[in-house]
Amino acid sequence: MTEASMPTNIALIKYMGKKDSVLNIPDNSSFSYTLDNLRTTVKLTPIDDARDHWDSAEDKTRFIKHLDFLRNKFNQKQYFAIQSSNNFPSGCGLASSASSFAALTECFINTMHSTVSTAEKAALSRQGSGSSCRSFYKPFALWSGEKVENVELPYKKFIHHVIVVSSDKKLISSSQAHAQVKTSLLYSDRKIRAEKRLTELLNSFRQQDWQKSYEIIWQEFQDMLALFETAEKPFSYLKLSSYFVLDALRDYWETHHDGPLVTMDAGPNVHVLFREDQASMANMLSQAFRERFTVI
Ligand code: DP6
């Protein structure tokens with residue numbers, strides 16, 4: 001049996017819209033922080049059969065398709081019993097394709113005992129699920145086209161919490177969202193906005209201008225939500241409670257002229273990131289949100 005564990009990541013500049021949906025090449029660069037504590041472990045046990053066996057409830061077809069893809073790439077014949085588990089509570093709406101595809105890719109490569117570079121692993125994983133390629137780098141990953149790389153910044157570690165407002169299964173997968181945003185009239189300039197924000201965010205991180213970083217990251221996820229809402233067939237992942245949480249965080253910033261970085265993915269839950277010297281603020285705010293929501 002071979003085992004591998006890989007983290008998920010949260011995008012601060014979002015991957016939304018693909019240039020190539022087979023190879024998962026994005027239209028714009030994205031930039032993420034790796035969530036080292038939120039991980040998927042994949043176990044592969046060789047079996048004497050001509051198909052893979054799967055024991056988890058997650059998206060089976062895509063996972064097995066990716067294993068087939070890897071097997072073909074490396075000219076392998078071995079089939080496996082696949083086990084996959086997350087170290088974060090299931091049903092918290094965080095089921096993450098980034099960590100599961102990264103862990104599957106890493107684990108498959110480990111079964112072959114051959115040396116494959118990180119860049120190559122990331123590229124293979126990307127073809128399973130785009131955002132997973134960023135999980136091979138930490139603490140920050142920058143992904144443009146086919147290239148993923150580390151970025152050196154003055155921040156080494158953030159305190160990360162997710163305010164879980166709903167754990168319902170999402171009706172529109174992120175792969176569907178990537179296709180549907182292209183029908184938005186706002187999409188034609190999306191790349192320009194995303195690349196501009198990326199440059200500005202890297203600058204503000206380098207200058208340790210925390211408030212500016214918060215503003216850029218806020219505008220960026222709102223830009224993604226606007227693409228969802230202005231698609232030909234508009235859609236949204238937000239619940240009423242998501243707006244409540246966002247409002248509370250904005251009020252906090254307005255009152256204190258300080259606060260966490262705030263972002264959202266294709267889902268209703270709100271991610272907050274604090275600097276390490278904001279630990280007491282992080283405790284206080286997560287405690288306050290725990291009165292109404294699950295906070296992890
Ligand atoms: C909103 O990587 O899940 O989380 O490549 O189709 O698997 P596929 O999409 P996926 O998209 C993630 C979208 C996002 C933003 C991001 O992580 O950058």
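1. In this predicted model, a network of salt bridges links R190, R193, R197, E220 and D223.

2. E200 and K196 form a salt bridge with an N to O distance of 3.0 Å. Both residues belong to helix 5 (residues 190-206) and are 4 residues apart, about one turn of the helix. E200 is partly exposed at 28% relative accessible area, whereas K196 is exposed at 51%.

3. A salt bridge joins K121 to E106 (3.4 Å, N to O). K121 lies in helix 3 (residues 118-128) and E106 in helix 2 (residues 97-112), so this pair ties together parts that are 15 residues apart in sequence. K121 is buried at 14% relative accessibility, and E106 is likewise buried at 15%.

4. D168 and K239 form a salt bridge in which the closest N and O atoms are 3.5 Å apart. The pair links distant parts of the chain, 71 residues apart: D168 is in the loop between strand 9 and helix 4, and K239 is in the loop between helix 6 and helix 7. D168 is exposed, while K239 is partly exposed.

5. The largest nonpolar core has 62 residues, among which F31, F140, F158, F205, F228 and V262 touch the most other members. Helix 6 (residues 210-229) supplies the largest share of this core, 10 residues. A second, separate core of 29 residues includes I64, I82, L124 and F136.

6. Helix 7 (residues 240-256) and helix 8 (residues 279-290) have axes that come within 12 Å and cross at roughly 145°; the crossing is right-handed. V245, A248, L249 and Y252 of helix 7 meet M281, M284, L285 and F289 of helix 8. The contact comprises 8 nonpolar residues, with no polar and no charged ones.

How values were computed
Residues numbered from 1 in each chain as written. Predicted model: local features only at pLDDT ≥ 70, side-chain atom pairs only at ≥ 80, totals over all residues. Heavy atoms only, no water. Axes fitted to C-alpha atoms, helices over the stretch in contact; angles between N-to-C directions. Helix = DSSP H or I, 4+ residues; strand = E, 2+ residues; numbered from the N terminus. Left-handed = near helix turned anticlockwise from the far one by under 90°. Contact = heavy atoms within 4.5 Å. Nonpolar A, V, L, I, M, F, W, Y, C, P; charged D, E, K, R; others polar. Core = buried A, V, L, I, M, F, W, Y, C linked by side-chain atoms within 4.5 Å. Buried < 20%, exposed > 50% of the residue type's maximum accessible area, 1.4 Å probe, protein only. Salt bridge = Lys/Arg side-chain N within 4 Å of Asp/Glu carboxyl O.
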